[in-house]
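The entries follow in the order in which I worked.

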Amino acid sequence: MRVRPIKTLIFAISLSLPLIAGQFAQATETSIYSHSATVQPIWAKHGMVATQEAVATQVGVDILKQGGNAVDAAVAVGFALAVTLPRAGNIGGGGFMLVHLAEDNKTVAIDYREVAPKRAHKDIFLNEQGDAVAKLSREHGLAVGVPGTVMGMELALKKYGTMSMAQVIEPAIKLAEQGISVTPDLASSLAGLKRRISQWPSSKAIFYRPDGSNFEIGDTLSQKALAHSLKLIKKQGSKGFYEGETAEKIVASVTQAGGIMTLDDLKEYRVVERQPVEGEYRGYKVVSMPPPSSGGIHIIEMLNMLEPYPIAKLGHNTADTLHLMAEVMKRAYADRSEYLGDPDYVQVPVKTLISKDYAQSRAKGIAINRVTPSSEISPGKVTGYESPQTTHYSVVDKWGNAVANTYTLNFSYGSGLVAEGTGILLNNEMDDFSAKPGVPNGYGLIGGDANAVEGGKRPLSSMSPTIVMKDGKPFIVTGSPGGSRIINTTLQIIMNVIDHGLNIAEASYSSRVHHQWLPDELRVEKSLNRDTISLLEARGHKVSVKDAMGSTQSIMITDEGMFGASDPRRAGSAAAGY
């Protein structure tokens, strides 16, 4: 595979657009290029890929050009990101894939979330005093959940793809074997997390120079051991990961680090296909991930609460609109703390939480002119947590198939532990359980008994790959990293397009806000207008300016073609097509 510079591709597309547009009537030209738009998206006719890393984007585009469908490209991207974006792309973690199949007009949800080792129990991260010990769930063998990515990618490819594992994994093997150029983004992240990564000799040997110094921009990072592990998957499929040489090395490294994972834990891992959650918002169908992701339920719940309000008339990112958004965010996150968990272990009241009637009852206490303190909000009465270093990507092909995929190692570079001899970074996804129900986790989220640690259980997640349908076809394919902020980030992409008429690039670039019930503060990005902040504070909001939120990778499908946008909040991301 020849990886062409992504900048060249995007530049070529942008240069060709005026000529393409000129072949259409004036009305069509206006629909492709709006002179009122403050940001223009990337255009493509046949297929589009949006990811957080430019080389991986090109891998996906090349698969589409070879005749692969969206699933083929998505699986190729998933393996490529394990090489080019090691802080989040992975084969040692897990995630969720939403696949829309155009021919059958159906959407499937593939849950390849990590699971707790069988010997895990609810008190595993507590000390003798009953207090949670953060290091045990973050930088320790006990932090590692049984990975799901490899089996998830294999299932998606076998059931819904058209190409072989050998074809789609080969680009990742070449990138790992031949090496990648260290980008400014990669150099910065490795330097910034050196303490956690370099505490493991197996990791230090890969991600830093032989003398222990940091890689410089432009250096070549080769990952020969990872290439070998990928070759075993190429030859043996998922058995090349969950059994044999790789599995033995993973278990040995986890055990040496104090963990309890066994060969049986790996061998018995299974992917679960689930029914997506669906809702309607202003005539559009919103399709997203069901539990153990909490994202889909609460995106729909919040949209249901917002629908009665004239959001478009109130205006984009005005104090009125942001106030209402904060109020519904608080209520949804309060519900998240009580009801969400692995549906194979706890009963999650999905139908109630996404119903219009429930949303109406939850929104009754919202007042347009004053804040409801979080102390006055409790989980609703019903009947019958990731790091910001997750990554999302979206793919659409020429047949109308679409994939929204979000996967993660949890923290940046996961536990930081590379399984000796494999090149595989291992997750610290066990930290997404409630180590002690009722006590905030590393992201400030309150977890309940529904998300307590239990052997074989999947931890609750905020990952929210989402597809918005218009007239029965995919219209927006989106998702984001961002830990607890994923849900609200995805919500704002949808609102920006549907309520405010922004193109997908404008929707991606716009300032974001976040409220998660506790702590009782409205977090905003520094780009939000100062006058708006003052109006929110006058209404009673405690506003706190925080780091940038999310890294959305989105595609909008229209009659004029596909429009892609990669969030500028992360360096090195790219949307491209052909």
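Which residue in S21 does Ala50 stand opposite? I found Ala575 there. I note that the model is predicted, that local features need pLDDT of at least 70 and side-chain atom pairs pLDDT 80 or more, whereas totals for chains, interfaces and linings use all residues. Residues are numbered from 1 along each chain as its sequence is written, and side-chain values use heavy atoms, with hydrogens and water left out.

Entry on the sheet. I traced an open sheet of seven strands, in the order S7-S4-S3-S11-S10-S2-S21, with antiparallel pairing; strands here are DSSP E runs of at least two residues and helices are H or I runs of at least four, numbered from the N terminus, and two strands pair if DSSP finds at least two bridges between them. Strand S7 (272-274) and strand S21 (574-577) are the edges, and because each has a single partner strand, one side of each is left without a neighbour in the sheet. From one strand to the next the twist averages 15°, where angles run from 0 to 180 degrees between N-to-C directions of axes fitted to C-alpha atoms, for helices over the stretch in contact. Between strand S2 (residues 48-51) and S21 I found four bridges in the antiparallel sense.

Entry on the helices. Helix H3 (residues 54-65) packs on the sheet and touches S2, strand S10 (391-396) and S21, contact being heavy atoms within 4.5 Å; the direction of H3 makes about 160° with that of S2. Helix H4 (residues 70-84) lies across S2, strand S3 (94-101), S10 and strand S11 (402-408), at about 150° to S10.

I then took H4 with helix H6 (residues 149-160), whose axes come within 9 Å and cross at roughly 160°. The contact includes Val71, Ala74 and Phe79 of H4 as well as Met153, Leu157 and Tyr160 of H6.

Entry on a further set of strands. Strand S8 (residues 277-281) and S9 run antiparallel and are joined by five bridges, with Val277 opposite Ser288 in S9. Their hairpin has two residues between the strands, and in it I noted that Arg282 takes a positive phi near 50°. S9 also pairs with strand S14 (residues 466-470), in the antiparallel sense over four bridges, and there Val286 has Val468 as its bridge partner.
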